[in-house]
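Open your viewer and get ready to select residues one stop at a time. Each stop tells you what to pick and what to look for.

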Amino acid sequence: MTLVSKKLTSENLPDQIRKINPAKSKQKRAEKTQLEIRDQYSSIVQDMPILICSFLPDGKITFANKTYCEHFNKTYEELIGSSFLSVVPETKRKVMMDKLSALTPDSPIQSHELPLIAPKGDIRWQRWANCAVFDDHGNLIAYQSFGEDITEYKRKQKIIFKKNQRIFILYCFN
């Protein structure tokens with residue numbers, strides 16, 4: 001029986017290394033796959049047509065997607081570390097904080113609609129879903145919020161309400 005040893009070349013070196021240490025090779029492939037998934041997820045979140053931000057319990061923004069930045073006409077760098085309350089009208093801030101404070105590990109999600117100050121100073125209605133993130137001990141770590149502009153929906157809702165009022169008045173008094 002003759003043993004044939006394969007000569008190491010630059011072409012077969014990666015294969016030979018994988019044969020020597022398959023565990024490291026699997027780990028590297030898993031790490032590469034994990035990075036690809038993270039990049040794909042990041043791309044999806046950045047390109048979503050909804051406003052997404054994360055912030056700490058004190059209100060400091062730790063993440064904002066591209067849509068959020070564009071909506072408030074600010075760069076990512078300007079938003080990170082700033083308070084998410086800066087775009088909430090003064091009269092609505094306490095209500096907003098009360099809603100967030102009410103979130104618990106057993107009930108970590110709530111949604112609401114509120115008017116916000118747009119970059120041009122006009123009021124825009126938005127619908128937000130807020131999710132409180134807790135650690136294994138029930139301590140609040142952060143919030144994740146997802147929002148959409150519903151100004152046009154609110155405008156149409158108001159028109160329909162006024163039309164229904166007129167119909168009701170005409171029906172009742174005729």
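Start by selecting Glu 152 and Arg 155, which both sit in helix H6, three residues apart, or about one turn of the helix. (Helices are DSSP runs of H or I with at least four residues, strands are runs of E with at least two, and both are numbered from the N terminus.) The two side chains meet in a salt bridge, 2.4 Å from N to O. A salt bridge here is a side-chain nitrogen of Lys or Arg within 4 Å of a carboxyl oxygen of Asp or Glu. Glu 152 has 40% relative accessibility and so counts as partly exposed; Arg 155, at 42%, is partly exposed too. (Buried means under 20% relative accessible area, exposed over 50%, and partly exposed in between, with a 1.4 Å probe and protein chains only.)

This is a predicted model, where local features need pLDDT of at least 70 and side-chain atom pairs count only at pLDDT 80 or more, while totals for chains, interfaces and linings use all residues. Residues are numbered from 1 along each chain as its sequence is written, and side-chain values use heavy atoms, leaving out hydrogens and water.

Next, pick Asp 98 and Lys 94 in helix H5, four residues apart. Their side chains form a salt bridge with an N to O distance of 3.0 Å. Which of them is exposed or partly exposed? Lys 94 is exposed because its relative accessibility is 59%, whereas Asp 98 is partly exposed at 41%.

Now colour the open sheet: its five strands run in the order S2-S1-S5-S4-S3, with antiparallel pairing. (Two strands pair if DSSP finds at least two bridges between them.) The edges are S2 (61-64) and S3 (109-117), each pairing on one side only.

Zoom in on S4 (residues 123-134) and S5 (residues 140-149), an antiparallel pair joined over nine bridges. Select Ala 129, and you will find its bridge partner, Phe 146, in S5.

Stay with these strands and show Arg 124 and Asp 149. Their closest N and O atoms are 3.0 Å apart, in another salt bridge. This pair links distant parts of the chain: Arg 124 is in S4 and Asp 149 in S5, 25 residues apart.

For the last stop, return to helix H6 and select Ile 169. With 46% relative accessibility, Ile 169 counts as partly exposed.
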